[in-house]
Amino acid sequence: MHNCVFKNLSYPASYTRVLLKDGSKLRETFFELGLSGANITVPHKEAAFKACDEIIGFANKVGVVNTIVKKDGKLLGYNTDADGFMFAIQEFGEIKSILILGAGGTAKALSARFLQDNIQVDVINRSEGRLAYFKDIGCRCFTWNDYESKKYDLVVNTTSAGLKDEELPAPKEIIDAILNNTSFVADAIYGKLTPFLKIARDKNIIYKDGADMLLGQGVLANELFVDYALKKEDINTFMKKSFQL
Ligand code: NDP
């Protein structure tokens, strides 16, 4: 995505992958590799928040960073996931209530962003431990044991269930109850039809995977990487093009 933009707009940069096993080594790895920017993905976004010298904007609200840029020797941390997701769901029209599956970094960013727009947010997670943050900011929270079925405009899977396996984000009977009560479904996972989205498809619910979210967060991250030296429309055009390669 990023290389397609850099190449087509003759920007002198390249984007590659680094497997970071230990999140606490993020900062030293960044400097050792001589990077000028990075995206951070599952499961190191909370570690990325801790690794930065300064946190800018919305990332402060959620304690989760997905984009780091080096400026004057300091690491600046941003979160572009939430606005990327708002871009992705525009086509669903007005959304007033949302159920989020999962309580990790992505769920934190999205829930805080939805609440900012006065959307009602419920969260369901496999384990209780990570729900405290969501209760504090005003979400209604459930675990698999105490979930009560309710109607939602949109249900979003932010768990990593289905990413590298064929698991559902919750037991099948809960997923059925959830999907029988929603207008739209989205998954943060992209590049495959997850078992969760397959059920949505079979129930004829309008759904989308995480590709547009990926695009949205990527455009915003690229703007930060190049310090706004490229036009947003051009970044968008070439990033979109990379999806067809
Ligand atoms: P985290 O590791 O921070 O959180 C993962 C969450 O998934 C936790 O709530 C965890 O529950 C839950 N979970 C993991 N495995 C299972 C399972 N088998 N069944 C049920 N729940 C499970 O991850 P992130 O929030 O950073 O990322 C989540 C997903 O979103 C990833 O798949 C990632 O690829 C995708 N993503 C996509 C983006 C895009 O641009 N499209 C952007 C950002 C993320 P528990 O608390 O119980 O462990």
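## The shell around the ligand

By class, the shell around the ligand holds 12 nonpolar, 11 polar and five charged residues, where Ala, Val, Leu, Ile, Met, Phe, Trp, Tyr, Cys and Pro count as nonpolar, Asp, Glu, Lys and Arg as charged, and the others, Gly among them, as polar. In total, 28 residues surround the ligand, and Ala-103, Thr-106, Ser-127, Glu-167 and Ala-188 are the closest; near means that a heavy atom of the residue lies within 4 Å.

This is a predicted model, in which local features need pLDDT of at least 70 and side-chain atom pairs count only at pLDDT 80 or more, while totals for chains, interfaces and linings use all residues. Residues are numbered from 1 along each chain as its sequence is written, and side-chain values use heavy atoms, with hydrogens and water left out.

From the backbone, a polar atom of Ser-160 lies 3.4 Å from an oxygen atom of the ligand.

## Two domains and the ligand

The domain assignment, automatic or from a database, gives domain 1 (2-80 + 212-237) and domain 2 (83-209). Why does the ligand lie between them? Both domains give residues to the shell around the ligand, so the ligand lies between them.

The C-alpha centres of domain 1 and domain 2 are 25 Å apart. Their contact (heavy atoms within 4.5 Å) takes 16 residues from domain 1 and 21 residues from domain 2.

Note on methods: Polar contact = N/O pair within 3.5 Å; in protein donor to acceptor, adjacent residues only side chain to side chain.
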